[in-house]
There are 2 protein chains.
Amino acid sequence: MAKTKNYVIGVDLGGTSIKVGVVTKDGKLVDKGFVDTLAHKGPKTVVSQIIKGINLVIGDYKKEIAGIGIGAPGVVSMEKGTVENPPNLPGWKNVALAKLVQDEFKIKTLVENDANAAAVGELIFGAGKDLDDFIMVTLGTGVGGGLIINRKLYRGQKGAAGEIGHMTIDYNGPKCNCGSYGCLETYIGNNHLVSAVSKKLESNRDSKIYELLDNNLNNLTPKVISDAAQMNDQFAKSVIIEAGKHMGYGMASLVNIFDISNIIIGGGVAGFGKLLFDSIKETIKERALKPISSRVKIYPAKLKNEAGIKGASSLVYYKA
Amino acid sequence: MAKTKNYVIGVDLGGTSIKVGVVTKDGKLVDKGFVDTLAHKGPKTVVSQIIKGINLVIGDYKKEIAGIGIGAPGVVSMEKGTVENPPNLPGWKNVALAKLVQDEFKIKTLVENDANAAAVGELIFGAGKDLDDFIMVTLGTGVGGGLIINRKLYRGQKGAAGEIGHMTIDYNGPKCNCGSYGCLETYIGNNHLVSAVSKKLESNRDSKIYELLDNNLNNLTPKVISDAAQMNDQFAKSVIIEAGKHMGYGMASLVNIFDISNIIIGGGVAGFGKLLFDSIKETIKERALKPISSRVKIYPAKLKNEAGIKGASSLVYYKA
């Protein structure tokens, strides 16, 4: 019986949509679906939507599901299965999400912060499979982080550890949504990056980015910058190199503090590829303490498409 | 027999002198001595000097010594008892210091990096006695750190973790000895602080610091700044408040990354007292993520005089 439980379900709970998938033991996504979060209707509705989402995909696999993993925003207690005050999900205070879902399906359910779930996903299925220790950074709208120490997720006193995006790299830097200044996120978070590039484009009128955007700056995304760099656009390349420097400033501090030499980088901006990674590496070499900097290795995340679902699903296989 | 072993020996190995003391189970120093390090003569001589230093104080206590702890600069492997490439100790590559001392005295000997030993000292004897997790920061010529997680020293992959002084708080900041820029140490390390204050004094001619120095800026130390602040000198106070802000920028990043809300601060600059501590607290409140910042507590280190000896001695009682 237990031998037939070859699948896990992953739920990626976002502020606007809930993505759900069925994942194999090897981290392959075999089925997926999504529903609206309906966050404005409060936690009860959101939980119903999660259940609805799971029902979209569970059908044929029901007897073969070893567990359900949920990646949620906010501070999560994995032991208690509760989610506290998630940003973008109004009305939640402390919701026993794991229990509610588990009671519905009678299947073991685990919940973890989404950035932490991404780190566990790389540990179980991805670039961290053979690493004992690594720092996981996810570059998206926000810059998230997760820390794996001795193959365990480091959660801190209340499960809120790993907020790498809110490490200050210039205390006089741009104001961050969190209230602080010069957080790493204010340099390489998608929105900040795009708006900084928009401004600089005014004095780089010959950049291929204009062509790619049909001169409409509102269409600017990290992908467009990446495409322009592929076309050898010097301005786009300089943007990516600078993003790598900012990342490197932060990562150099982190490796000095943690003495962890493995860094896994995922999320959209990681699509900047080799140019970004080389710039990060070079900056760390220049900035981190010598005995550590020589050991530093940077890995692109392996879970790319639907990393949120896969990361969440991997929680079922994680041994706390 | 075991019951009578009420003392431990602590050795604080520095670049110019070696301080040795006999310490009780409660962390009280009952005897001390010091010898020159003679660092320029290489590791063999330094080891002889350590043994000479221990012989200065061990006399009456010999049969009552439960162990010897050594705090050394550089990267230390506590398991192997080796010290690698310590700064200020030329000619060392990899010295099995613990074994050499243990063989001499036939007493269990442990060696640890000095900043880590300071953290263990607070854990065993000091402000961290009742704390499960804390960040220890030692403000001296360098800015050192040690991380206690779940009452264990966090050492990282190679025992080099906790280099809090080399966290960048402004990537365009002053050049650091380590080769990077804007490290926390370049703001609040003694030498950097003193030289920054010296420069600013030129435009603060009415500061009481001039009187205290007999107009000789070469005599400037953190102590003098502290004394002037005690005399209500506005410039001196502003220096201390600014030092607290710089510390706060770094500490806010750290609490966000670690989700550890206890910070213990020791070393000379910690003598700036309440003015410094209040400034640090306020800055963390302004800058750290709300769920963490409300929990942050800052403690002055309890091991003050001869903290190096006491911290080293505490290694004997530390359960790894």
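How many helices and strands does chain A have? I started there, keeping in mind that this is a predicted model. Chain A comes out with 11 helices and 13 strands.

**Entry: overall form of chain A**

I looked up the extent next. Along the principal axes, the C-alpha atoms of chain A fill a box of roughly 60 × 50 × 35 Å. Then I checked the radius of gyration. A compact globule of 320 residues would have a value near 20 Å, and chain A has 20 Å, so the two agree. Of the chain A contacts between residues at least 6 apart, 62% join residues at least 24 apart.

**Entry: a sheet in chain A**

I picked out an open sheet of 5 strands in chain A and wrote down its order as E3-E2-E1-E4-E8, with mixed pairing. Its edges are strand E3 (29-36) and strand E8 (109-113), each of which pairs on one side only. Neighbouring strands here are turned by 20° against each other on average, if direction is ignored.

I zoomed in on one pair. Strand E1 (residues 7-13) and strand E2 (residues 17-24) of chain A are antiparallel and share 7 bridges. One bridge I noted links Val8(A) to Val23(A) in E2(A).

Which strands does helix H11 of chain A touch? I found that H11 (residues 307-314) packs on the sheet and touches E1, E2, E3 and E4 of chain A, with its direction at about 125° to that of E1(A). Another helix, H2 (residues 97-105) of chain A, lies across strand E4 (65-72) and E8, and runs at about 155° to E8(A).

**Entry: where chain A meets chain B**

I counted who takes part: 32 residues from chain A and 32 residues from chain B. On the chain A side, helix H8 (234-258) and helix H10 (290-293) each supply at least two residues. H8(A) gives the most, with 6 residues.

**Entry: two helices in chain B**

I moved over to chain B for helix H3 (residues 114-125) and helix H11 (residues 307-314), whose axes come within 7 Å and cross at roughly 75°. Angles of 65 to 115 degrees count as roughly perpendicular, and H3(B) and H11(B) are therefore roughly perpendicular to each other. From H3(B), the contact residues include Ala117(B), Val120(B), Ile124(B) and Phe125(B). From H11(B), Ala307(B), Lys310(B) and Ala312(B) are among them. The residues of this contact divide into 7 nonpolar, 4 polar and 2 charged.

**Entry: strand E9 of chain B**

Is E9(B) mostly covered or mostly open? Mostly covered, I wrote: 6 of the 6 residues in this strand (134-139) are buried. I checked each face separately. Phe134(B), Met136(B) and Thr138(B) are buried on one side, and Ile135(B), Val137(B) and Leu139(B) are buried on the other.

I then followed the partners of E9(B). Strand E10 (residues 143-149) of chain B runs antiparallel to E9(B), and 6 bridges join them. The two strands form a hairpin with 3 residues between them. Met136(B) stands opposite Gly146(B) in E10(B). Strand E12 (residues 262-267) of chain B pairs with E9(B) too, in the parallel sense, over 5 bridges. For Thr138(B), I found the bridge partner in E12(B) to be Gly266(B).

Key:
Residues numbered from 1 in each chain as written. Chains lettered and ligands numbered in written order. Predicted model: local features only at pLDDT ≥ 70, side-chain atom pairs only at ≥ 80, totals over all residues. Helix = DSSP H or I, 4+ residues; strand = E, 2+ residues; numbered from the N terminus. Rg over C-alpha atoms; globule rule 2.2 N^0.38 Å. Contact = placed C-beta atoms within 7 Å. Axes fitted to C-alpha atoms, helices over the stretch in contact; angles between N-to-C directions. Parallel < 35°, antiparallel > 145°, perpendicular 65-115°, else oblique. Nonpolar A, V, L, I, M, F, W, Y, C, P; charged D, E, K, R; others polar. Pairing = 2+ DSSP bridges. Buried ≥ 20, exposed ≤ 12 C-beta atoms within 10 Å, placed from the backbone.
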